[in-house]
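Please look through the structure below and follow the explanation with it at hand. The text begins where the chains meet and then turns to the folds within them.

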Amino acid sequence: MSAIDIKFAGPLCSLQDSGRMGFLRYGVTESGPMDRQAFTILAEMLESETDFNAIEVSLGGLVIRANQTLTLGFCGGDFNLSIDGDALASWGVFTLHAGKSLTIRAGDSGSWGYLGCLGGFDARPWLGSTSSHLASGLCGGYLQAGDQLDVAQVLPREDLICALPIPSFSRFSREVRIVLGPQDGLFSDAVKQALFQDIFTVTRESDRMGMRMSGPSLAPNDALSIPSEAIIRGAVQVPGHGDPIILLADHQTTGGYPKIATVITCDQDTVGQARAGDQVQFVQVSVDDAIQATRDRAAQVKHWISEIPTHRGSLAEKLNRVNLISGVVGPDGISRH
Amino acid sequence: MTMTFQAVGDSGVMLRFGDYIDDAVHAQVLAMDNAITAAGLPGVRELVPSFTALLVIYNPYETQYQALVQAISGLSVGVSTQSDAKEWIIPTCYEGEFAPDLQDVADQCGLGTDAVINAHANSVFHLYMYGFAPGYGYLGGTPTEIQLPRKQAPVRDIPKGAVMIAGPQCIVTTMVMPSGWWVIGRTAFDVFQPFADNPFPIAVGDSIRFKRLSMDDFTREVQA
């Protein structure tokens, strides 16, 4: 019997690890999580190895039933979780006992969440990764009711249990930082001005490949077809219709449509959490500022991760820990915290 | 050599060598691809060559745009001699159900179907880049007399192994995908072998010829 039965899966739920790097030159997109930041945090919550994978849960939600007792973790967005009707923290590590069902439903915000299992899910890797390559069906497709997943068997670990606050840096933010280019030269000054001065709205035409925005038309100067060239994740591509599309985890590796700008790495994760109707204001930054912002965010995530252990354990264990810490008094008579 | 640099977000450098598809430009792309690979520049994650450009993807936690531009500018780049380029033969059946667009191509080009087949099978193609989907290699070399713009609208469910053309280009499909290109043949040759040690046997820069197979020969080959 498999460890987990999928009882219900909304559209676009799939298994993802950190991604399939190194094959863009062969037409293979990276895949991997839409929100890499949340995925990184989940891996740390479960003290995982580098080849950790998780179920990426979409806005449509997910219901699973455990056939053996498992230590699971969830984070990303602000979803509503419950086990047989009892609510859990949106972000945390918990035990799902054999025979119990976990229900994950869209909450107040966010579009993507990550459900991980201690030890990871069993999957046959392709090109060194267990991320579903959804365009080809290689390495699995979208999860569906009736699917079963096995786990690399590990004993449950009660000491990992925690309920975490949702960090503000992980939430969708209206301001999305971009670096102009690599084909901004194909757009008029008026269009570039509109890109920064106007507001864009996230449309329903959004998936793992990209998010289509509506707003002022950003049509390029002429429909001149440029030779296909490589595309990077975060590219703001403008096809003939003039609506920008932010390309994300499953983007095509090459394309001939002009890219007016590129969303900086750390903002790709948060803009991906936007929902249809959310509004975006693009903010121009220099390359140097973009790199600094991405490094700063990584430091912020690292610091936040370092605080996870203070949230672990049962209530009794946490109280005990607080007493122990506040009981430490230095030679100068001042309590150390 | 004229090469321009452009930042792509906080983790890419686009190197451009020209505006139009051209063998000399592509040779420069490949030469720089080789030079950067050989130099093992710190922080470089991936290189993606295309017709006229090379995208260098870097890890923004390990290096920075300006540092990388300087390092790349300082590389000594040989002219790509293509000495390690291989030549591949792709046996192709241009008949019946395998060539649904052959008659259309012939009609639009004012040629007979045999002339279209001969034009295709007598040309030497060159792999410029991969893109779109795993193993989709963009071949250049479709002769002018059979060049057509792509169809008005893509057709669904083009099967794996379809040999199709559009403009000066040609592609052998590797999975079922929609396409607006003209399907003129079918091959059993796997240009993409997902679970082989090297899933992408044909390298960018290699040359390719198509060998005409009769339906009978094709059937025998598939069954062999």
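This is a predicted model: local features need pLDDT of at least 70, side-chain atom pairs count only at pLDDT 80 or more; totals for chains, interfaces and linings use all residues.

Between chain A and chain B, 16 residue pairs are in polar contact, counting pairs in which both residues have a pLDDT of 80 or more. Which elements of chain A give two or more residues to the side that touches chain B? They are β13, β16 (229–230) and α4 (287–306) of chain A. Of the elements, α4(A) gives the most to this side, with seven residues. Sorted by class, the side of chain A that touches chain B holds 22 nonpolar, 13 polar and seven charged residues.

Charged side chains also meet across the contact. Three salt bridges are counted between chain A and chain B. One salt bridge joins the side chains of E30(A) and R45(B), at 4.0 Å from N to O.

How many residues does each chain bring to the contact? Chain A brings 42 residues and chain B brings 44. The size of an interface is often given as the accessible area lost when the parts come together. Here chain A and chain B bury about 3,500 Å² between them, and 62% of this lies on carbon and sulfur atoms. Within the area that chain A buries against chain B, R25(A), Y26(A) and I232(A) supply 19%, more than any other three residues.

Now consider the sheets, starting with chain B. Four strands of chain B form an open sheet in the order β1-β2-β4-β3, and their pairing is antiparallel. Why do β1 (4–8) and β3 (44–49) of chain B each have one side without a neighbour in the sheet? Both strands stand at the edges and have a single partner strand each, so one side of each is left without a neighbour there. From one strand to the next, the twist averages 20°. Helix α2 (residues 65–73) of chain B packs on this sheet and touches β1, β2, β3 and β4 (53–58) of chain B. The direction of this helix makes about 155° with that of β1(B).

The pairing can be followed residue by residue. β1(B) and strand β2 (residues 12–16) of chain B run antiparallel and are joined by five bridges. In this pairing, F5(B) has L15(B) in β2(B) as its bridge partner. In a regular strand the side chains alternate between the two faces of the sheet.

Chain A contains a closed arrangement. Seven of its strands close into a barrel in the order β13-β20-β17-β18-β15-β14-β21, with mixed pairing. Neighbouring strands of this sheet are turned by 40° against each other on average, direction ignored. One of the pairings links strand β17 (residues 235–237) and strand β20 (residues 259–263) of chain A in the antiparallel sense, over three bridges. Within β20(A), K259(A) is the residue opposite Q237(A). Helix α2 (residues 189–197) of chain A lies across β13 (175–180), β14 (200–206), β20 and β21 (279–284) of chain A. This helix runs at about 120° to β21(A).

Methods. Residues are numbered from 1 along each chain as its sequence is written. Chains are lettered from A and ligands numbered from 1 in the order in which they are written. Side-chain values use heavy atoms; hydrogens and water are left out. Two strands pair if DSSP finds at least two bridges between them. Axes are lines fitted to C-alpha atoms, for helices over the stretch in contact, and angles run from 0 to 180 degrees between N-to-C directions. Contact means heavy atoms within 4.5 Å. Buried area is the accessible area (1.4 Å probe) that two parts lose on being put together, summed over both. A polar contact is a pair of N or O atoms within 3.5 Å; within protein, one must be able to donate a hydrogen and the other to accept it, and residues adjacent in sequence count only if both atoms are side-chain atoms. Ala, Val, Leu, Ile, Met, Phe, Trp, Tyr, Cys and Pro count as nonpolar, Asp, Glu, Lys and Arg as charged, and the others, Gly among them, as polar.
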